[in-house]
Amino acid sequence: MPSFHFQGLLKALGNALGRVGPLLLIPILTSCGGGAQLAGGVGTGGTGVVAGTVTGFGSLVMDGIAYNSATPRYDAESTTQPSVPVTAMKVPLGGQLNIQTDAQGNPTSVWINPALVGAVTSVNPTAGTLVVNGMEVVVNSTTPSLPNTFFIGYSGMAAIQPNDLVQVHGVPGMTSSGTPFIQATLIKLMPSNLPITRVSGVLAQWNPSQSTFTVNGIPFSFNASTQFISLFSNQALTSGTLKNGQWVNIWSQTPSGTTPLVAGSVQVSTLLPGMSGSITLSGLVSAVQGNQFQVDGILVNGANQGGVTAGQYVTLKGIIDSGTGEVSVRTLTPYVQTPATVSGTISEFVSAGNFVIRGTPIITNGGTALTYANGTTASLSALQKNGYVAVQGTLQGNVVLATSITVYPSPPANEVVDYLGKVSQYNPSQGTFTLTPLSGLSQQVTLSAVASFSNGTVANLVNGALVEVEATAVSSQALSAYGVSFWNITNPNLSSGTIEISGVVYNYSPGNGFNLNGLPLILGNGVSLPSGFGNGDNVDVLMTPSGSQYQVNAIAQDDSD
């Protein structure tokens, strides 16, 4: 687990959370100004916290607010641990993040926090619902008061099948009849042999003497190795603080279906007496009694803030009463929904109608408005490999449909860029190398002090390695890299006509091909597939156009995700 013990911050649910009519989902922060809007002083450590949905990149955009993506440490679950270091490139659009900030509002740590990982036991495309690990998951693509669900490894809701293994990101809710659900912001297809499970729900049948409990009717056990994780970094949490009725998020290193599942980590969202300081909190209102109500299971006093209703989604800043754990509200704000925003370099260029920025597939159509940075009209031909653009758009299944694109002559200074190329002139002692992309000028790269590596380690950084670099642009040809992801393709051919693409495999037909980011791919002659290749695999591919399809010339698994 990361040393800051922050993973416990999640979108938790109070026991009495209700829903009255359609939920109005509101992001965590609603004012402009990025990290300066965060409240400091959570707990006694002088830091702030924020949790919410990734709505874009450039740097890291949370619910429409941009934060510096170059400063924090990033962590995500793996097949062996509930949290391991990853690069910023592993942050998905629609993902739920838990961020800890310093007193100035700059992110210091980011944890990618899914609600569920497990097999789909039932699916109802008409109703837009599915069930994973005993929890109903609600998908949205039409209701403007809810976030649209983004998909990775699926074209949309209709493609989900029973027994698929999925990862679900979302916010918890509860119907008026008391049934909990997850309002999904992201659903990702996972490999069928994934040996982990994640379960979110209400803690029940808590029996510390027997080291057992249940969540969503699923039996769990825990042992001396189980990590109990608090909402706040400086609040110790042990098995003695757990109680029935708390909303918990369990990570287990055993696949779903095993009885009982052994809890590797137990996250609890509970504000206990003894905490003090400021807090920024966002979530669904429940248990309204006069000025008092709950948000994410935390008791709130909203005197002089106007009325709230059960099921309303609010963002508040307040002060924690150390004696009771109650939060006194200073500000409480509603949300005005904003479009997805993705800014950066085009790292994977298939065509002017289909390309990738910061790992997010972008498509255009006749309604997409293109302009240059100086305000003049641009055409689709202005979109080029490694070009820097700013996109606004809407989520359409597994892509972002661009409504507007601004094209820049070069990356603005200190903005985030993403390049794929070969390493040369690597100097380990200086942490520098030259990156030569498929097209465009070579870049001089310096590893930043917080540089992290994915799908390999710094030992794999050698001349000839094919790497994807996420960095800030110091100048037009000088980068400060804070993320390096290895494409483990042997002897990669980056000749003219080669297209690089990454994504999650779906619609795999053995011997024929598969889909990736909405594109149909066919296998070239003699192409060797990775061992155990199948739907849900994260892969890196080199391909060339072949009629209306694309021919795979080389492929490798990305084992970092």
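This is a predicted model: local features need pLDDT of at least 70, side-chain atom pairs count only at pLDDT 80 or more; totals for chains, interfaces and linings use all residues.
Visitor: Is N354 buried or exposed, and what is its relative accessible area?
Guide: N354 is found in strand β26, residues 354-357. Buried means under 20% relative accessible area. N354 falls under that cut-off, so it counts as buried, with a relative accessible area of 14%.

Visitor: Which residues does N354 touch, not counting those up to four places away in sequence?
Guide: Residues up to four places away are left out here. The contacts of N354 are then F349, I362, I363, N517 and L519.

Visitor: What is I405 in contact with, leaving aside neighbours within four places in sequence?
Guide: I405 is one of the residues that touch the most other members of the largest core. Its contacts include L383, which is also named among those residues.

Visitor: Which side chain makes a polar contact with the side chain of N249?
Guide: N249 is found in strand β18, residues 247-252. At 2% relative accessibility, N249 is buried. Its side chain makes a polar contact at 2.9 Å, and the partner is the side chain of R198.

Visitor: How far apart in space are N249 and V199, C-alpha to C-alpha?
Guide: In sequence, N249 and V199 are 50 residues apart. In space, C-alpha to C-alpha, the distance is 5.7 Å.

Visitor: Why is the pair of W206 and F222 stacked?
Guide: The structure holds ten aromatic pairs. The ring centres of W206 and F222 are 5.2 Å apart, with planes at 15 degrees. Planes under 30 degrees apart count as stacked. The angle is under that cut-off, so the pair is stacked.

Visitor: What parts does the pair of W206 and F222 tie together?
Guide: W206 is buried at 14% relative accessibility, and F222 is buried at 11%. The parts are 16 residues apart in sequence. They are strand β14 (residues 197-207) for W206 and, for F222, the loop between β16 (218-221) and β17 (227-229).

Visitor: What is the angle between the planes of Y426 and F433?
Guide: Both Y426 and F433 are buried. Their rings form an edge-to-face pair, 6.4 Å centre to centre. The angle between the planes is 70 degrees.

Note on methods
Residues are numbered from 1 along each chain as its sequence is written. Side-chain values use heavy atoms; hydrogens and water are left out. Helices (H or I, at least four residues) and strands (E, at least two) are DSSP runs, numbered from the N terminus. Buried means under 20% relative accessible area, exposed over 50%, partly exposed in between (1.4 Å probe, protein chains only). Contact means heavy atoms within 4.5 Å. A nonpolar core is a set of buried Ala, Val, Leu, Ile, Met, Phe, Trp, Tyr and Cys residues joined through side-chain atoms within 4.5 Å. A polar contact is a pair of N or O atoms within 3.5 Å; within protein, one must be able to donate a hydrogen and the other to accept it, and residues adjacent in sequence count only if both atoms are side-chain atoms. Rings of Phe, Tyr and Trp (its six-membered ring) pair if their centres lie within 6.5 Å; planes under 30 degrees apart count as stacked, over 60 as edge-to-face and the rest as tilted.
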